[in-house]
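Dear colleague,

I am passing on the structure below, together with my notes on what was found in it. Please read them side by side.

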Amino acid sequence: MEITKENRTWLDNLGLPHPVVIAGPCSAETEEQVLKTAHELKDTDTNIFRAGIWKPRTRPGGFEGVGEKGLPWMQRVREETGLMVTTEVGNADHVEKALKYDIDILWIGARTTVNPFAVQEIADALKGVDKPVLVKNPVNPDLALWLGGVERIKSAGINQLGVIHRGFSSYKTLNYRNKPKWHIAIELKKEFPDLPLILDPSHICGRRDTILDVSQTALDLNYDGFMIETHITPDDAWSDAKQQITPSRLKEIIEDLVIRKQSSSKETFQQKLNIYRDDLDKLDNHLLAILKSRMDISEQIGLLKRTENVAILQSARWEEILKSMHDEAKKKGLNQEFITEIFKAIHVESIKTQQQTK
Ligand code: PEP
Ligand code: MN
C-alpha cells in the first residue's frame, strides 16, 4: 500500500498520512506488554498507538483494564517511539484522567455511544478542551444514535472530530463478530463529509484471517484509516485474543492493501464505464417492471383469498419460496444471504399488498 500525504481532513494538519493507522493492544495489560508492542509497531506504518485502559466488558468477571496506572505507560510509549497515543473514555472521570496524562486522542467506545447520558457527560467534561475525539458507532445499527454522539461532542466545541466504524452486534452472525452494515457508515459520511472515517476491522471480524479483506473493502469505499488491535503475543491477550494480530502481521496487511484511485481520466475508462452503467440502468428498470408485475399478481391473490376467507400468510409457502430461492442463488453463484434478504423483503411487501386489496 502506498501511503500518501493528502489534504483530506484535520488528520493531515496533525501531520498524519492517508490512510492513518492506529494500532495497539485491545487492553494495556502490563507496562512491558505495552512498551514491547509499541516498539515493534514503530517499525510498521503505525501512526497512533492504541490501548484500552478502562475496558467496558459486556459481562462482569472479565479483565476490566488496569485503570489510571496504565496512563504513564502510554506516556512512555510516546516518549520512546514518537507515536501519538489514544485510549477509550467512558465517563467524565476517564476524560479528566486522560487529560491529566495528556493522551493525544480520545475515543468513545461502542457501548458508550449507545447512551446519550454518558456521551453528554463526556461532552461536558471536554468543554473548552482542544483534543481530537473519535466516536465509535453504537453496538446497535442505529444511525441516529451515532449521529447524536457526534453532535453532542461537536457541541462541546471539539473540532478535531472523527468516527470509527466497528460494526454492529446481532443475535447470531455467521461470518462476523459485528456485522459491518457498510451503508450505515456511508450514510453517516453523507451527513458529515468532513469527518475522518476510520475502520476498526478487529471488532468487525472477531478473528484474524478476514482482517485484510474487510480492510480492503474500507479502502475501496474511501475510508480515511484503520484501527487494528495488535499484540506482541495475541494468543495470551487478556481481552479479545482471537482477533488481535502481531505487529509483523499488521505490517504484511498494510503492505497488501491496495489503494485505488477515485477515478481514472483515461478516455477509454470513461467510455467503458458509461456503457456498463447504461446496461445497469436498463436492468434496474427491468427489475422494477418485474416487481410491479409480481405485486399485481399478489393483489389478485389477495382478492382470491379474501373471497374465500383464507388467511394471507401461509407459512409453508413462505418457507418454500425462501428455500428455493436460496438454493437457486447457490446454483447461479449469487450470495445466498443477500438473495434471502431480498426475498424476505419482497414477501413482506407482497403480504402488505394482499392485506390492502379491497
Ligand atoms: C476496543 O476498542 O477494544 C473496544 C472495547 O471496542 P468497542 O467499543 O468497539 O467494542
Ligand atoms: Mn477490543
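The notes start with the model as a whole and then turn to the ligands, the aromatic pairs and the backbone.

This is a predicted model, in which local features need pLDDT of at least 70 and side-chain atom pairs count only at pLDDT 80 or more, while totals for chains, interfaces and linings use all residues. Residues are numbered from 1 along each chain as its sequence is written, chains are lettered from A and ligands numbered from 1 in the order in which they are written, and side-chain values use heavy atoms, with hydrogens and water left out.

The protein holds 14 helices and 8 strands, these being DSSP runs numbered from the N terminus (H or I of at least four residues for helices, E of at least two for strands). Its C-alpha trace spans about 75 × 55 × 40 Å along the principal axes, and 46% of the 358 residues count as buried (buried is under 20% relative accessible area, exposed over 50% and partly exposed in between, with a 1.4 Å probe and protein chains only).

Around ligand 1, with a heavy atom within 4 Å of it, are Cys-26, Arg-50, Lys-55, Glu-88, Trp-107, Gly-109, Ala-110, Arg-111, Lys-136, Arg-166, His-203 and Glu-229. Oxygen atoms of ligand 1 lie 2.8 Å from a backbone N or O atom of Ala-110, 2.8 Å from a side-chain N or O atom of Lys-136 and 3.0 Å from a polar side-chain atom of Glu-229. Taken alone, ligand 1 exposes 300 Å², of which the protein buries 97% (areas by the Shrake-Rupley method with a 1.4 Å probe).

The manganese ion (ligand 2) is coordinated at 2.1 to 2.4 Å by Cys-26 (SG), His-203 (NE2), Glu-229 (OE) and Asp-240 (OD), where donors are N, O and S atoms within 2.8 Å of the metal (3.2 Å for Na, K and Ca), and sites may look incomplete because water is not among the atoms. Along the chain these donors of the manganese ion follow the spacing C-x176-H-x25-E-x10-D. Glu-229 lies in strand β8 (residues 225-229) and Asp-240 in the loop between β8 and α11 (247-256), so this pair ties together parts that are 11 residues apart in sequence. Both Glu-229 and Asp-240 are buried.

The structure holds 3 aromatic pairs, which are rings of Phe, Tyr and Trp (its six-membered ring) with centres within 6.5 Å, counted as stacked when the planes are under 30 degrees apart, edge-to-face when over 60 and tilted for the rest. Among them, Trp-146 and Phe-168 have ring centres 6.4 Å apart and planes at 70 degrees, so the pair is edge-to-face. Trp-146 belongs to helix α7 (residues 143-155) and Phe-168 to the loop between β6 (161-165) and α8 (182-191), so parts 22 residues apart in sequence are tied together; Trp-146 and Phe-168 are both buried. Trp-182 and Tyr-223 are also edge-to-face, with centres 5.8 Å apart and planes at 80 degrees, and this pair links Trp-182 in helix α8 with Tyr-223 in the loop between α10 (211-220) and β8, 41 residues apart.

In the backbone, a cis peptide bond with omega of about -10 degrees joins His-18 and Pro-19, and Pro-19 lies in the loop between α1 (10-13) and β1 (20-24). Asp-102, which is not a glycine, has a positive phi of about 50 degrees; Asp-102 is partly exposed, with a relative accessible area of 40%.

How values were computed:
Polar contact = N/O pair within 3.5 Å; in protein donor to acceptor, adjacent residues only side chain to side chain.
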